[in-house]
Amino acid sequence: MPLIGQYNQGGYARLATAVKHYRDLRPGVFFLFGGNSLGPSPLSTFDSGSHIIDLLNSIEPDAMGVTKREYSYFEEQLSLQAYEAAFPLIATNVFDPIQNTLQDGLAKSKLIIKNGVKLGLIAVVDPNAKMQYLLQRVELQDVTSSIVTEAAALRQRGADIIVVMHGALFNELDALLADGTIDISLVKDPFAPESYRLSTEVIKGKVLINQENDIAIIDILKQPTGWSIQWQTESLSQYAEDHKIAILRNDYVRRLDRLMKLAIGSVEYPFDTHRQQLRSEENAFANLIVDAMLDYTKADMGIINGGMIRGDKSYLSGDDFTREDLAQELPYGTNLVVLAMQGKDIRQSLELSLDEFDLFKGKFPQLGKLKMTFDSSLPVGQRVVDIQVDGAKLEALKIYTLVTTEYLFQGGDGYTLFKDATRVTDSNKPPITIKDVVLNSIIRKRNLSTQIQKRIINLANPKDSLQTSSKGEHQVAN
């Protein structure tokens, strides 16, 4: 729940009422908050998620699970937020090799006792966060072995029920539920595949929240034959807002509104920033971003990852585009970087960006001054069919200048070849974030006239394949 201004769709004020309802209804209620909330969001770009911790401190969860999104502003900021929290932040598989212990401020696990039930709490972070969020200090250890080790330690301390909170889908937890290593797994994922949802109906203790506005209510009952676990989800929209939490939230919203409601431009042509499109095909807003980067740097080409754009909304002709819109679309403050790279390395980087195409990963590229033709039906590693730079074929040994983000330059999202490129510096230009470049471009032009320009063509997509007469036209030697 990174966004706090959602008045009609749950939010922290309604969550507070729901928690109070169950605490009044039954003794010994455990309230677990699953994380995925300290970022990214417009307000978190200013305080790294402190306002979320403040709201949660007023609702008093028994524990919060750490997920990869808690690392939106890197390790040190998460440690600071953990010390502000009046509840433990659990991250079982996070290890700091410098200190030879868990990351500062976090808890490896927690044993909580209420109404005669000893609940052992574990939370695991997706190991892919190490690459996706460019974590420099901590190591993310194997999920299964971390859970097995910590679950055994909690059992020795008398835990009746072992709960694992996780922000990503781990199918390996099914076996741990089946053999009794753990009793409950908790995850919230609106994009979970149907197969995962169906498996929750047959695997005891496997809990999935797949609606944005829902919470899970889990009953743990002592039976003669052991513990009975039953659960259901319900919508927060049925609850009224808690008055005190609403006042606190509104105070933060007002502060944000003063900063963010100012219009910086007007939308000329409609466009959207929906997650699936950004991660599978050309996107008009991404074109605007890369074009602004190219205009600022005068590089030969530009590449960003579709996952850096996070607004997931639609804009109509005539709409105002505000600072809030920009902050929602580009919540990460990464700097621009200009690299010198050979054509063959650029091609290979784009090939690698397509290796998980069917999974809609954030690594999918968005391009400027480049036209890429690919075929998603071809085997991994053979999907790029043609690449052109300003209408000319990409030359394997030619060195080009490429503008991208610091995140990708550091190898984020699997762009590992970018790490070996030469960084081109301009002594006349200080470091600048991608958000500032886009902001200045929109303010200068006063309108957003971005459109689809056939920069990315997927031959496996019928509408794209009509843009070419045959695949043979586009074959290029490596």
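Is Asp189 buried or exposed? Asp189 is buried, with a relative accessible area of 15%; buried means under 20% relative accessible area, exposed over 50%, and partly exposed in between, using a 1.4 Å probe and protein chains only. The model is predicted, so local features need pLDDT of at least 70 and side-chain atom pairs count only at pLDDT 80 or more, while totals for chains, interfaces and linings use all residues. Residues are numbered from 1 along each chain as its sequence is written, and side-chain values use heavy atoms, with hydrogens and water left out.

**Around Asp189**

- Asp189 sits in the loop between β9 (184-188) and α8 (194-199). Helices (H or I, at least four residues) and strands (E, at least two) are DSSP runs, numbered from the N terminus.
- Apart from neighbours within four places in sequence, Asp189 is in contact with Leu169, Leu208, Ile209 and Asn210. Contact means heavy atoms within 4.5 Å.
- Asn210 is 21 residues from Asp189 along the chain, and their C-alpha atoms are separated by 5.0 Å.
- A polar atom of the Asp189 side chain lies 2.8 Å from the backbone nitrogen of Phe191.

**The five-stranded sheet**

- An open sheet is formed by 5 strands in the order β19-β15-β23-β18-β24, and the pairing is mixed. Two strands pair if DSSP finds at least two bridges between them.
- The edges are held by β19 (365-368) and β24 (422-424), each with a single partner strand, so one side of each has no neighbour in the sheet.
- From one strand to the next, the twist averages 35°.
- Strand β15 (residues 301-305) and β23 pair in the parallel sense over 2 bridges. Met301 stands opposite Leu402 in β23.
- β15 is also joined to β19 by 4 bridges, and these two strands run antiparallel. Here Gly302 stands opposite Gly368 in β19.
- Strand β18 (residues 336-342) and β23 run antiparallel and are joined by 7 bridges. Val338 has Val403 as its bridge partner in β23.
- Helix α11 (residues 284-297) lies across β15, β18, β19 and β23, and runs at about 135° to β15. Axes are lines fitted to C-alpha atoms, for helices over the stretch in contact, and angles run from 0 to 180 degrees between N-to-C directions.

**Strand β23 and Thr404**

- Strand β23 (residues 399-405) is largely enclosed by the rest of the structure, because 5 of its 7 residues are buried.
- Thr404 is placed in strand β23. Thr404 counts as buried, at 0% relative accessibility.
- Not counting residues up to four places away in sequence, Thr404 touches Met293, Ile303, Asn335, Leu336, Val337, Leu339 and Phe418.
- The backbone oxygen of Ile303 lies 2.9 Å from a polar atom of the Thr404 side chain.

**Two helices side by side**

- The axes of helix α3 (residues 50-59) and helix α9 (residues 243-260) come within 10 Å and cross at roughly 175°.
- α3 and α9 are therefore roughly antiparallel to each other. Angles under 35 degrees count as roughly parallel, over 145 as roughly antiparallel, 65 to 115 as roughly perpendicular and the rest as oblique.
- On α3, the contact is made by His51, Asp54, Leu55, Ser58 and Ile59, and on α9 by Ile245, Leu248, Arg249 and Tyr252.

**Salt bridges**

- A search of the whole structure finds 22 salt bridges. A salt bridge is a side-chain nitrogen of Lys or Arg within 4 Å of a carboxyl oxygen of Asp or Glu.
- Asp24 forms a salt bridge with Lys20, and their closest N and O atoms are 2.8 Å apart. The two residues are 4 residues apart in helix α1 (residues 12-25), so about one helical turn separates Asp24 and Lys20.
- Asp24 is exposed, with a relative accessible area of 57%, whereas Lys20 is partly exposed at 48%.
- Lys130 and Glu139 meet through their side chains in a salt bridge of 3.8 Å, N to O. Lys130 is partly exposed, with a relative accessible area of 25%, and Glu139 is partly exposed at 38%.
- Lys363 forms a salt bridge with Glu356, with the closest N and O atoms 2.9 Å apart. Lys363 counts as buried at 9% relative accessibility, while Glu356 counts as partly exposed at 29%.
- Salt bridges that share partners join Glu194, Arg197 and Glu201 into one network.

Methods
A polar contact is a pair of N or O atoms within 3.5 Å; within protein, one must be able to donate a hydrogen and the other to accept it, and residues adjacent in sequence count only if both atoms are side-chain atoms.
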